Amino acid sequence: MARLLIIGSLEGELGAAARVAIARGAKLGHAEGVAAGLVRLRAEGADLVLVDLRHDVVWLVQALAAERIACPVVACGRAEDADAAVRAIEGGARDFLPLPPDADLIIAMLEAAGAAPQAEGPVARDPAMLAMLARAAQLARAEASVLLTGESGTGKEVMARHLHAASRRARGPFVALNCAALPESLLESELFGHEKGAFSGAVAARKGKFEQAEGGTLLLDEIGEMDPRLQAKILRVIQEREVDRLGGSAPLKVDVRLLAATHRDLRAEVAAGRFREDLYFRLNVVALHIPALRERPADILPLAEHFCTRYAQVNGLPVRPLAPAARHRLLAHAWPGNVRELENAIHRAVLLAEGPEIGPEAIELSRPVPAIAAPAAAETAAEPAGRVAALVGRKVEEVERELILETLSHCLGNRTRAAEILGISIRTLRNKLGEYRTAGIAVTPAPGQAVPLHLAG
């Protein structure tokens, strides 16, 4: 379950936000004020924090940064609280949630935080996926580490939750951490925790993800992006079954089943010297490869119907069937973004459709990557000269920026997919995008990411 912490009174409109999150399968925590909220975050962590603007949002953001607690904070208030919302966002809050809360926006914020709740198991009808699920059933009750591979958006986290739910650890916690989403300094503290005084701002001890997952399952998503120094520490945890908090004087025993996920070919990463071979073999005791959606076409319509039902219920709309022409449109698409792209397309269609059915006009799809035809013999010699001529006079950084931004736009803001196409790490991509934003250059937002209030027209 995703973990949501709400700071403020649940008797008013924040209570409505809590009910939406719980309906989506989130695990809810509550604190009356920011000081009490900070105490809960130190002890338990959270995937997203909603804070009533009547409390000191900026103080909480600064306290979290000082203690290296990586958790998105969203300020909540009414439209007339716009000035306070701007101050909160300028002070470091991730976003602003207008009250009364919109269910769709809450879900988008959970998704943007990388913690969309997934209470359901995998939806599968295609033989390729059914065969993979049969293998997963054999592995679920084991204690061995499992390496989940597959393209971005195929549902690796959904499969990890499925393995946990079918395991002997199902009554324990399921904790997921995206290794690509945090800089190394924060990632280390998130994984292993820290003691009071371990670094400037560490005013209290805090459990890391390994301790939070005690007795349950820990998923390390995008592990291929992890720095080699931290890879060595993960290897030690696996071997010794103990963690060293930052600033700690003695190791702490942990009982955790470890799952890892990546869209990269880790064998190639090992060969290139970017991933430790000993850690690869420790993680890859058994492997599950999630097929791309184009490789399991019989799953497209069942998944689409599943998402139609889910998002109709979430948004308080009637459940409507897909019209035959809409089904044909879905089946004809290549789905480069896999299940995540299908889910987003159906979510939009549920909101945009008019009438008793969801027609093809409500289904907005990304444009396919244009095929590059082989040049004719007469054009082959002229092509290099023309290509070079188009680049002469332009700076390398300008060409690089254009390539990165165009690729990101093609991927509808999906950072992981764009990094994969560009052949760079997601951390490098995030750094580049940060430089562009600082320079005042527009950057395609991530899927589900709302435009910050102080940047909106």
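## A helix over the sheet

Helix 3 (residues 57–66) lies across strand 1, strand 3 and strand 4. Its direction is about 175° to strand 4. Helices (H or I, at least four residues) and strands (E, at least two) are DSSP runs, numbered from the N terminus. Angles run from 0 to 180 degrees between N-to-C directions, with axes fitted to C-alpha atoms, for helices over the stretch in contact (heavy atoms within 4.5 Å).

This is a predicted model: local features need pLDDT of at least 70, side-chain atom pairs count only at pLDDT 80 or more, and totals for chains, interfaces and linings use all residues. Residues are numbered from 1 along each chain as its sequence is written, and side-chain values use heavy atoms, leaving out hydrogens and water.

Five strands form an open sheet in the order 2-1-3-4-5, with parallel pairing (at least two DSSP bridges between two strands). Strand 2 (27–31) and strand 5 (95–98) are at the edges, each with a single partner strand, so one side of each has no neighbour in the sheet. The twist averages 25° from one strand to the next.

Strand 4 (residues 73–77) pairs with strand 5 over four bridges. There, G77 stands opposite P98.

## Salt bridges

The count is 27 salt bridges (a side-chain nitrogen of Lys or Arg within 4 Å of a carboxyl oxygen of Asp or Glu). One of them joins R3 and D47 at 3.5 Å, N to O. R3 is in strand 1, and D47 is in the loop between helix 2 and strand 3, 44 residues apart. Both R3 and D47 are buried (under 20% relative accessible area, with exposed over 50%, partly exposed in between; 1.4 Å probe, protein chains only).
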